[in-house]
Amino acid sequence: IGSFTNGGSKYYSDLKLGQMMFFNSGLSTADLQRLEGYFRPIYGYTLPANHPYANQAPAYDMRIQAEDFTNYFDSTPDVNQGGAYRDTGVDIELNNGVYNVGWTATGEWLEYEVQILTAGTYGVRARLAADPVFNGQLRTFRFTTGNQSVDVASTDAFGWQVYGIYESTQTFTFTPGVYKIRATLLLEAWNFDWWELFQTNP
């Protein structure tokens, strides 16, 4: 990663990932956060000290935006009901500059590819929101890879754009490698902003 300036309207980023060079100028804060969330878990880089978000999360925490899935099952596969971000059957909306997956239904799933660089145990956090009509009803995202699974669940529901961050009580055990992790909604409904792996034994 090259340099990032945080004192004006122009941001500069120069990411050299293998043979790929990614260049952007004039990026907004939200754009930079998205780059961080997308590239760090895939390529495993460590943010430099001068990056404006270097202290946002430890290098072993890997945040992935819900809409950056690599595979999916959706109960309305022919239409993106939110009409944002990607032309797939997954329903994605844009609110106040932030994308989220919405219109979720029981049994739908999203799959992600994640590179683990450090062996250890990892929990899962997710940023979720739901309509108050669901308040008190336990709703669960189950994250699975191979024969391992962890659940992120809550009964909270304060509004479709009133988010909470919820954490699993179980953990994955990983050795270094690339993993496909699937998030399946066991009981509707959530708006889904992002999820992350966090190492419990750094």
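Start with F192: is it buried or exposed? F192 is buried, at a relative accessible area of 0% (buried is under 20%, exposed over 50%, partly exposed in between, with a 1.4 Å probe and protein chains only). Before moving on, a note on the model: it is predicted, so local features need pLDDT of at least 70 and side-chain atom pairs count only at pLDDT 80 or more, while totals for chains, interfaces and linings use all residues. Residues are numbered from 1 along each chain as its sequence is written, and side-chain values use heavy atoms, leaving out hydrogens and water.

Now count ring pairs: Phe, Tyr and Trp rings (for Trp, the six-membered one) pair if their centres lie within 6.5 Å, with planes under 30 degrees apart called stacked, over 60 edge-to-face and the rest tilted. That rule gives 11 aromatic pairs.

Select Y85 and Y99: with centres 4.8 Å apart and planes at 50 degrees, this pair is tilted. Y85 sits in the loop between β4 (71-73) and β5 (92-95), and Y99 in strand β6 (98-101), so the pair ties together parts 14 residues apart in sequence (strands are DSSP runs of E, at least two residues, numbered from the N terminus). Y85 is partly exposed, at 36% relative accessibility.

F141 is in β9 (139-145) and F192 in β14 (191-199), so they link parts 51 residues apart in sequence. F141 is buried too, at 3%.

Last stop, R182: its charged end sits over the ring of W109, 3.5 Å from the centre (the rule wants NZ of Lys or CZ of Arg within 6 Å of the ring centre and within 35 degrees of the ring normal).

Note on methods
Helix = DSSP H or I, 4+ residues; strand = E, 2+ residues; numbered from the N terminus.
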